[in-house]
Amino acid sequence: MTTSPIFERLAALAEPIRVRLLRVLAHDELAVGEIARVLQTSQPTVSRHLKQLDAGGWVLRRKVGTATYFRLSLPDLDEDARALWALVLTDIDAASGEPASQYAEDLRRLEGVVAARAADSEELFRRLGGRWDDVRADLFGGGFVFATLAALLPAGARIVDLGCGTGALLPILAAGDTTVIGIDREAAMLEVAGHRTADLPNVTLKAGLLDDLPLEYDSVDLAVCQLVLHHVKELGPVFAEVARVLAQGGRWVLVDMVEHDREEYSATMGHQHLGFSEATIRALTSEAGLWLRSWRVLPVDPGAQGPGLFVAVISGG
Ligand SMILES: C[S@@+](CC[C@H](N)C(=O)[O-])C[C@H]1O[C@@H](n2cnc3c(N)ncnc32)[C@H](O)[C@@H]1O
C-alpha cells in the first residue's frame, strides 16, 4: 500500500526534538555539533534526526571544505510542507511565550552558539567561504582596495595622469605618499576632476596637451595614460614628450584598446586609431628612445561591451 506524502511529513514532525531542530535551523545555518549544543543532546542523535529530515526534504545542506551546515529554507519547501510547518510553528510560538519553555531555551542557547562562532575567526571564514566578498563589500565598500594598492607606490613619487578626464584615477594615485598632477585639454573635464579632488592637497590639475606637456624635463616618476592615446592623431610627439619629462628610472603605464574593427567609433567618438598592436607601441617607444618593458592584454570584464584593453609598461631608454 502506498502512503500519501502527508503521512511522511507528519511522521517527520511527530518527534518534538525534530521540530525543535527545524526551528533552530529556520533561524540559523548550523553544523551538527552546534545543533547538539543548542538542543543539549548528542551529535549521533542530531545526525539521526537530521537524516530523517533530510530524506523528507526538510533541510538544505551546504558543504564548505570538510564541514557541513544545515538550514531550513522555507522558500525551498513545497506549499503543503510550508502550510504544515506554519501550523506547527503557531503551536510552538504559543508555548515559547513561557520563559521556561524548552523552545525559548533553544533560542537562548542558539544566541550563545552563534556568538561563540563569531568570536572564532577560523570558523567564521570557513563558514563564509565565497560569501566573504559580499560581506566585505557590505561592511567596508569597494574603494578602499585601491588605497591599499596605492600604498605600494614609492614614497614621494611624482605622478602625472595624462588625459586625466574627470579624474577617476586621481584619488587612487593620491592615496599614497605621492604628489599627483592631472593634465587634460578639456576645461569641462578638469572642472569635474577639480570637484572630485577638492579635498586632496597633493593633487594639482593643469590644462595642457599630451604633445606639449606643461611639465619640466625629468620631473615625473610615474606617468599614467588611460584610454587617451586613441584620441591623438600624431603619436610620435606624445611619446617624445613623455621621454622628455620621465625622470631616471621613471615608468609610464599606458592603458588603451587592443586593435579592433569598430570603425563607427571614429564617427561617434572621434577615435583616431582603432586600437593598438604591441608592435605599434613597441615601435613608438623605441623611436622616442623609450623601452617597452611589458605588454599585457587585460582580462575582459564580463559586463563590458567595448573592445579589449592592454596595459603597457614603458620606461626611459
Ligand atoms: C576617454 S577620456 C579618458 C579619461 C581618463 N583617463 C579615464 O580613464 O577615465 C579621454 C580624455 O583625454 C583627453 N584628451 C584627448 N586628447 C588629448 C590631448 N591631445 N591632450 C590632452 N588631453 C587629451 C580628453 O579631453 C578626455 O578627457
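In which strand does D256 lie? I located D256 in strand β7 (residues 246-257); helices (H or I, at least four residues) and strands (E, at least two) are DSSP runs, numbered from the N terminus.

**Basis.** I worked from a predicted model, in which local features need pLDDT of at least 70, side-chain atom pairs count only at pLDDT 80 or more, and totals for chains, interfaces and linings use all residues. Residues are numbered from 1 along each chain as its sequence is written, and side-chain values use heavy atoms, with hydrogens and water left out.

**D256.** I found D256 buried yet without a salt bridge. Buried means under 20% relative accessible area, exposed over 50%, and partly exposed in between (1.4 Å probe, protein chains only). A salt bridge requires a side-chain nitrogen of Lys or Arg within 4 Å of a carboxyl oxygen of Asp or Glu. The nearest side chain of opposite charge, R185, is 12 Å away; Lys and Arg count as positive, Asp and Glu as negative, and His and the chain ends are not counted. A polar atom of the D256 side chain lies 3.2 Å from the backbone nitrogen of L229. Leaving aside neighbours within four places in sequence, I listed the contacts of D256 (heavy atoms within 4.5 Å), among them L227, H230, F276 and F310.

**L227.** I then turned to L227, which is found in the loop between β6 (220-226) and α12 (236-245). L227 is partly exposed, with a relative accessible area of 39%. Not counting residues up to four places away in sequence, L227 touches V255, D256 and L309.

**Salt bridges.** The side chains of D221 and R158 meet in one, at 2.9 Å, N to O. This pair links distant parts of the chain, with D221 in strand β6 and R158 in strand β3 (residues 158-162), 63 residues apart. D221 is partly exposed at 24% relative accessible area, and R158 counts as partly exposed at 34%.

R136 and D133 also form a salt bridge (3.6 Å, N to O). Both residues sit in helix α8 (residues 132-140), and because they are three residues apart, about one helical turn separates them.

R185 meets E186 in a further salt bridge (3.7 Å, N to O). R185 counts as exposed at 56% relative accessibility.

**Domains.** I noted domain 1 (5-138) and domain 2 (144-316) in the domain assignment of the chain; such bounds come from an automatic or database domain assignment. Their centres, taken over C-alpha atoms, are 54 Å apart.

Notes. Polar contact = N/O pair within 3.5 Å; in protein donor to acceptor, adjacent residues only side chain to side chain.
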